[in-house]
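I opened the model to look up helices, sheets, chain contacts and a few single residues. My entries follow in the order I made them.

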Amino acid sequence: MAFYRPARYQKPFVILLLLALLVLPPALYAWGQAFYIGFATRILIFALAASSLNLVLGFGGMFSLGHAAFFGAGAYVAALCMDNGISDALLAFPLAMTVAGLLALVVGAISLRTRGVYFIMITLAFAQMTYYLFVSARVLGGDDGLPLAGRMTLGGLSLTSDGALFYSALGCLALVMTFLGRLADARFGRTIQAIRDNEARMEALGYPVFRYRLVCFVLGGALAGLAGALLANLTGLASPNLLQWTQSGTLLVMVIIGGVGYLYGGVIGALVLLCLEEVLVGFTLHWHIGLGLMLIAIVLFAPRGVAALFGKSNG
Amino acid sequence: MTQLVFEQALNGLQFGLMLFLLAAGLTLVFGIMDCINLAHGSLYMVGAYFVAAAAQAADSFWIGLGAGVAGAAVLGLVLELSLFRQLYRRDHLSQVLATFGLILIANEAVRMIWGAQPLLLNPPDALSGPVEIGGFFYPAYRLVIIAFGVAVAGLLYLLVARSRVGMWVRAGAANREMTEALGVNVQGLFTAVFVFGAALCALAGGLLGPLLAVQVGMGESVLILAFVVIIIGGIGSIRGALVGSLIVGTVDTLGRALLPTLLRAALPADAAATLGPALASILIYLLMAAILFFRPQGLFPARA
Amino acid sequence: MPLRLTALAAALMLAGSVHAADRIKVGFVSTLSGPGAGLGVDIRDGFNLAIKQLDGKLGGLPAEVIVADDQQNPDMAKQTADKFLKKDKVDFMTGIVFSNIMLAVGPTVFENQTFYISANAGPSQYAGEQCNPFFFNVAWQNDNLHEAVGKYVQDKGFKNVVIVTPNYPGGKDAVSGFKRYYKGKVAEEVYTKLGQLDYAAELAQIRAMKPDALFFFLPGGMGINFVKQFVAAGLSRDTQLFAPGFSADEDVIKAVGAPMMGMFNSSHWAHDMDNPENKRFVADFQKEYGRMPSLYASQGYDAALMIDGAVRDVKGKVDDKGALQKALEAKHFKSVRGDFRFNSNHYPVQNYYLRVVGKDAGGRITNRMMGTIFTNHADAYVSACRMK
């Protein structure tokens, strides 16, 4: 796959979208659909989580089946913060990112020494270990998860209102996407994509491939942790569901639907999947069948195949 | 005390052997066709549903078991010819995506046909009580399951180690291209392996149905354990699948039985009951990670 | 499962000082899949039967019941509750089976000032310190049925009992309830995982302890599997089983059958209770659904009648929370279990009976009323409740 290059119309389009999102909450209030502000926030949060996976998978070329571990860890850190008196998001969110990043560091340092299908499996193993670790502790709520007593405050601003949380999530997503966009074009981004496309050549050129990959993996983990902390605020619960391998699968599906390796792949994928769910569930309960068929269709009939988007499969 | 050890050992054996039925099919598909099949757990679930439905219709467990396994084999054939044949050439990401989609379809289809509530499946009346073995008691039905597991293990051993088909299977697992070049009908072999795997899944599902429950989503949790087993044992190796499943079965049972008792010395009963099984699971995944790190090809590597 | 039981829209109440609703919306979240599904389905069927008998109305107003499956998952239940409260703007909520889910959903419902009429989950937390004016339980407080069994086991002179219960708030309440009245030795408190289906490991441990009685609380599919495996392991020869009505009702009997004969259990209701409301309920339920109702169905039925009575009292003005609360507390409906009243913490004060599983006149295996264990029994937590 070639290096990521933003389309010419991308920047104006994104700015327009941002403006539309800024007026969304008041518009929804006016239409009496205030409930959907929470739904929109959910999309933003999953867009962030999927983008963090896109960084690892699409740009870094690392097929991690354990990304949910970092997502869930962020949520639990947020819940623990609330439990222990840290209710300021300006403290809790960076803490969630740090913990998730550290977890990714440990997992990555070990996993990235393996290749191919073994890498896939070992990330899965670590994600499951994280799940059982979190579920085993009574203090973390066991199977029921850890509830948050309320929403956090961002500096002085309370996030209790749905609108406030929406704008915070939007702000985080906008910052992260700007960062990722810059990263993709910068030397780090070029290098990591080059490693994805041809690892042997980059090794031969003397690049510390392992280190680049690890940094990319940790970054992805930290960003997933941020998304998790936001989600915990939205739902009021750090649930063990967030750590399960099926959650990793869902994030993967989002990235693939949206476009692996495209900057906004995660965003688009999250938007499509969550909107599809909301719309279809009104028509038929069994909308999952449609989604499953769509996934299979993507695999079988995608013009260049999913592999072409992904580049050479090198673990 | 000896009764306790004896009973728990048999429990671990029973669990391990059922895992083996699942892992055997999975390891062959993964080993020979290099295909990650996340829907393997769904084959187990659908197989269990077929058995339960047939058993209810025929009012007989054994007929239900036979019919269910046959039905699952047919389903496996259909899936292989239509979908999986296309997936072999694809990369792992595509396979994960497609089989994930298959899981969604399977869960929803089952819910549509049989409803959201679990199906009832009872063991044969003759086997619903205990047997006495030298002064010890053990549920008769579980013994039958163990017998089935041992029989399948024996059959697979004979098949894989002593038959021509088995030789092709081993060759295919070791080096697919070479096997193809040597003129073996690899396409047909793949189909046969897949169908056989599906039948084994259904057998496991049908046998475990009376003990557990035939319900939507029953495949997901067991699928992960099957992957753990084949990684530990070695992808493509039947022997590895057997050893791996016995290890996992034993650790899990010991974890549920022994650990809470040990932990109770330090923790209140309910905390110990939460921590015990979780620790056992962590141990299993730790073992899996260790194998992947130090000896990725597993305990009994099949690949050349 | 979103099922809309919509009736004709009719403008009913004329202007009062408080706006009167034109229909009553009820958000029904329950466990409709997985091993606990039988309970949720029974509660739902009982609830819907009552509404059907009332011509699709609650309190004279058309009723709309929105049903959703929580998949026995607190996260899912919370999301659904949010949707019901904020999007569908339901007037009442009900349906939750398991106490851990109840505790997860409760705060959101109470904050929204919507009344929750619990047809099953009766956590001790909401009976005592965390009692809330917006929470009503029409069934029992979790401990109650277990207290009744505890008293029976104590009176019968058993000395060495093993307790088996799932590791969640309802299970903990079961243990406290049982031990409040059973004063003998508890050989072991075995905590299993909620939703666990294979008890081989636990049964082996239990066999080693050689108890003379085993008290278990495993609702739904968990109990079915446990009893079957208990009998299969040959433990039924030496150890007698005791359970609250939850693990000995129609769903378990249908699945397990003859091995359950002779099992004593406790309940606040039995289908052979002799009052006209119950007779009508049991007959109509069998006609409508083709099976005998369980105690869960009777609870769902009573929950609907309770809402009906209260809405009737306030003449449809469900926005007047104070009046509605008083109406609910006044309990203007006839329950199928006979008379009872609400305590100051909104939990019932009622009788608890002994039942035994045996054959009825028609040769069918079912429960039979044997006697009364407690009369006008209140829960143990009410004194900690500071609700005005």
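**Conventions.** Helices (H or I, at least four residues) and strands (E, at least two) are DSSP runs, numbered from the N terminus. I take the expected span of a helix as 1.5 Å times one less than its number of residues. The model is predicted, so I note the limits: local features need pLDDT of at least 70, side-chain atom pairs count only at pLDDT 80 or more, and totals for chains, interfaces and linings use all residues. Residues are numbered from 1 along each chain as its sequence is written, and chains are lettered from A and ligands numbered from 1 in the order in which they are written.

**Entry 1: a helix in chain B.** I looked up α9(B), residues 218–233. This helix has 16 residues and spans 23 Å from first C-alpha to last, close to the expected 22 Å. Next I checked burial. I call a residue buried if 20 or more other C-beta atoms lie within 10 Å of its own, exposed if 12 or fewer, and partly exposed in between, with C-beta atoms placed from the backbone. By that count, 14 of the 16 residues of α9(B) are buried. Gly234(B) follows the helix with a positive phi, near 115°.

Entry 2: Two strands pair if DSSP finds at least two bridges between them. Strand β1(B), residues 130–133, runs antiparallel to β2(B), and four bridges join them. I found Pro130(B) bridged to Pro139(B) in β2(B). Two residues lie between the strands of this hairpin, and Gly134(B) has a positive phi near 55° there.

Entry 3: I sorted by class: Ala, Val, Leu, Ile, Met, Phe, Trp, Tyr, Cys and Pro count as nonpolar, Asp, Glu, Lys and Arg as charged, and the others, Gly among them, as polar.

**Entry 4: Met129(A).** I picked one residue from α6(A), which covers residues 116–136. Is Met129(A) buried or exposed? Met129(A) counts as buried because it has 23 C-beta neighbours inside 10 Å. Leaving aside neighbours within four places in sequence, Met129(A) is in contact with Ile282(B), Tyr285(B) and Leu286(B). Its C-alpha is 9.6 Å from that of Leu243(A), which is 114 residues away along the chain.

**Entry 5: B against C.** I count 29 residues of chain B in contact with 29 residues of chain C. The elements giving two or more residues on the chain B side are α1 (2–33), β2 (136–139), α10 (238–263) and α11 (269–294). By class, that side has 17 nonpolar, nine polar and three charged residues.

**Entry 6: the sheet in chain C.** I traced an open sheet of six strands, with order β2-β3-β1-β4-β5-β6 (chain C) and mixed pairing. Strands β2 (57–58) and β6 (135–137) of chain C stand at the edges with a single partner each, so one side of each is left without a neighbour in the sheet. Strands β1 (24–30) and β3 (61–69) of chain C pair in the parallel sense over seven bridges. Within that pairing, Lys25(C) has Glu64(C) in β3(C) as its bridge partner.

**Entry 7: domains of chain C.** An automatic or database domain assignment gives the bounds. Domain 1 is 24–140 + 272–339, and domain 2 is 143–267 + 352–384. Their C-alpha centres lie 26 Å apart. The contact takes 22 residues from domain 1 and 25 residues from domain 2 of chain C.

**Entry 8: positive phi in chain C.** Asp55(C) is not a glycine, yet its phi is positive, about 60°. I placed Asp55(C) in the loop between α1 and β2 of chain C. Asp55(C) is exposed, with 10 other C-beta atoms within 10 Å. Lys315(C), also a residue other than glycine, has a positive phi near 55°. Its loop lies between α10 (295–313) and α11 (321–330) of chain C. Lys315(C) is partly exposed, with 18 other C-beta atoms within 10 Å.

Methods. Contact = placed C-beta atoms within 7 Å.
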